[in-house]
Amino acid sequence: MTIIRNVRILGGELADIRVAHGVITAITPTGPQADVISGGRPSGQEGAGGAGPGGVVGGADGDGLVVDGKGAIALPGLVDLHTHLREPGREDAETVQTGTQSAARGGFTAVHAMANTSPVADTAGVVEQVWRLGREFGHCDVHPVGAVTVGLGGRHLAELGAMADSAARVRVFSDDGKCVDDAVLMRRALEYVKAFDGVVAQHAQEPRLTEGAQMNEGVVSGRLGLTGWPAVAEEAIIARDCLLAAHVGSRLHVCHLSTAGSVEIIRWAKSKGWNVTAEVTPHHLLLTDDLVEESPVGAYNPIYKVNPPLRTRADVEALRAALADGTIDVVATDHAPHPVEDKETEWSAAAMGMVGLETALSVVQEAMVETGLLDWASVAQRMSVTPARIGRLAGQGQPLEVGAPANITLYDPSVRTEVDPSAFVSKSRNTPYEGMTLPGRVVATFLRGRPTVLEGKLV
Amino acid sequence: MNRHLISAGDLTKDDALLILDTAEELARVTERSIKKLPTLRGRTVVNLFFEDSTRTRISFEAAAKRLSADVINFSAKGSSVSKGESLKDTALTLEAMGADAVVIRHSASGAPHRLANWVRGSVVNAGDGTHEHPTQALLDAFSMRRRLGGLEGRKVTIVGDVLHSRVARSNVLLLNTLGAEVTLVAPPTLLPVSVGTWPCEVSYDLDAVLPKSDVVMMLRVQKERMNAAYFPSEREYSRRYGLDRDRFAKMPDEAIVMHPGPMNRGMEIAAEVADSARSTIVEQVANGVTIRMAVLYLLLGGESA
């Protein structure tokens, strides 16, 4: 039995959550009649780690664990639809172990590991390997994403059925990093995955329009002399894919929306009743392309290089509004670790991507909650419930109620701290938020009742 | 003035005029039989060229040597990545050698900005990708001023591949600072989509702009653009945007013709036009040395002079 005291489920009234055998067994209001003293700690259970929220105040060995949330918000464990764990192949940037530790620190209890590893996750063998590594380390559930095409080559369908039937039970397929730009191949993929209720997650990028593209095509790229990545290259593919998904009656998920135009297209597709979902990354909700020209870390700093690129303020506003009104279904991190040497270069030579697992919830709070666009229940919907539904994960993203798996994230939104990359548990430090002050802190994460993070630290 | 010269946009009007006036003084020295000044004795200038550009390198080398600086030519052809050494490591090497100024030419836009994070000396941008080439803009302004007197209110037309031109970007910024009125002329495919936000006019019609121009600056059309559907053919480009004899005749009598070189004779500019008395193309080369002397003098000479 584990007791999590003094937490506000989805930001509501103070409650205690009791957990046994990985399942929530009781939720009761925290009251003065409970064995809590005025300091907010259960009486007689003062522990060494009991100072901060999410601290252990009882036995830490699983059974009889008592955690004092000290008013922290309790959310269903976060689910990321878009994570790059880099293993196999780029273990210098991240491994399943460090990536899932990073996820747990960020409040995630499940991540979808993208397929662009080396070798590519395009066979049952590779996805099972990644899935098993996730189980072994146990920091959070790892659900491999299968490649749509062999070697991400965009020519031949990978064995999607074999990956779906494997121990990893793959349901999300993506060539992320590359676009399935061949219209026939995309049509076939959308059709084929219907057999096992899969979904194709498209990285929407028309390749010819983005040859050599370095940043958003606009005022800043024109001044900086960097090859532009035009919004139309994203929007044209999204429009086509929505039409294809409607035509074959399948399920489409659009990765990392970045433009106001993409939002309009998704809104239109949903108005037709088509089965289309979309995600936005935390960085596209907060950062703009101006940073490439002017920022505290100097012009042309590749820490801001990401694909799709940072866009304009108008795009950011449209993405926020779309996430608020449900046009965009989920926040997904696109956590993309890179070693220092791949970023400490001239702009065009640098790798694209940003780490994001450990800052995701804080950025969402800053962009969406502090602005009054989302409440905590809606955050839970967009960062846990819906991503789990899109990924068809049975044991994740369930409301915090009796009988549900005890995947719980405790979050203290009241603090503001400067982002310090050296404190990340990810192997990589390529964050655009270094030195920025962001709100909130994940104080504890529970995976099926077992704490993976307590007092903000890995267990 | 800033410690570095990376963008023409970093220069205030006073900075720019100081450089031009200093160059004017130095030009007198250059006209003497003994061209050398002792100003930068004991200072080290590194020419760090990741791209082949013999003309620009020699120009900077001559400028530094005429000011008695020690010059190290560091040629790192090809990208730093393909060479296996990062730009940062190259920068740290130069730092260890005690470079007072690093003149950098690089195929990547923004490489000088990155370099400036890793060296203590002054960074001079000698052309970065499709971004800027500020000393070219300065020597162009210097050449215009010498021919036309002042730049205030002068109408300068820049014709050609603006999208990929570092010369055009630097010229638009500097000429705007100096009070000239710039018009860019190009096929729409060779203009940035955001060109409307630049401090200049834009036209697709060269013939309409020529009669109102005090200066016509022709940009080089790179061979690789010809195969990438920016325009249908070399001949069509030349017909619509080339400065041939007939178009030259439409220019006012006092107007001058410029080209940063190297030229495609018969493509963007006819041979007769390039070689005419109203062409400043050869002067531009000589003025290049003078303006680079002024830049190095002002960046490095200030504290010891």
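Trainee: How far apart do the end C-alpha atoms of residues 72-259 of chain A lie, and how much of the span is helix and strand?

Mentor: Helices are DSSP runs of H or I with at least four residues, and strands are runs of E with at least two, numbered from the N terminus. Here the end C-alpha atoms of residues 72-259 of chain A lie 34 Å apart, and the span is 34% helix and 18% strand. This is a predicted model, where local features need pLDDT of at least 70 and side-chain atom pairs count only at pLDDT 80 or more, while totals for chains, interfaces and linings use all residues. Residues are numbered from 1 along each chain as its sequence is written, and chains are lettered from A and ligands numbered from 1 in the order in which they are written.

Trainee: How many helices and strands are there in chain A?

Mentor: Chain A has 12 helices and 19 strands.

Trainee: What part of chain A is buried?

Mentor: A residue is buried if 20 or more other C-beta atoms, placed from the backbone, lie within 10 Å of its own. In chain A, 60% of the 459 residues are buried.

Trainee: What share of the contacts in chain A with a separation of 6 or more comes from residues 24 or more positions apart?

Mentor: Such residues account for 72% of those contacts in chain A.

Methods: A residue is buried if 20 or more other C-beta atoms lie within 10 Å of its own, exposed if 12 or fewer, and partly exposed in between; C-beta atoms are placed from the backbone. Two residues are in contact if their C-beta atoms, placed from the backbone, lie within 7 Å.
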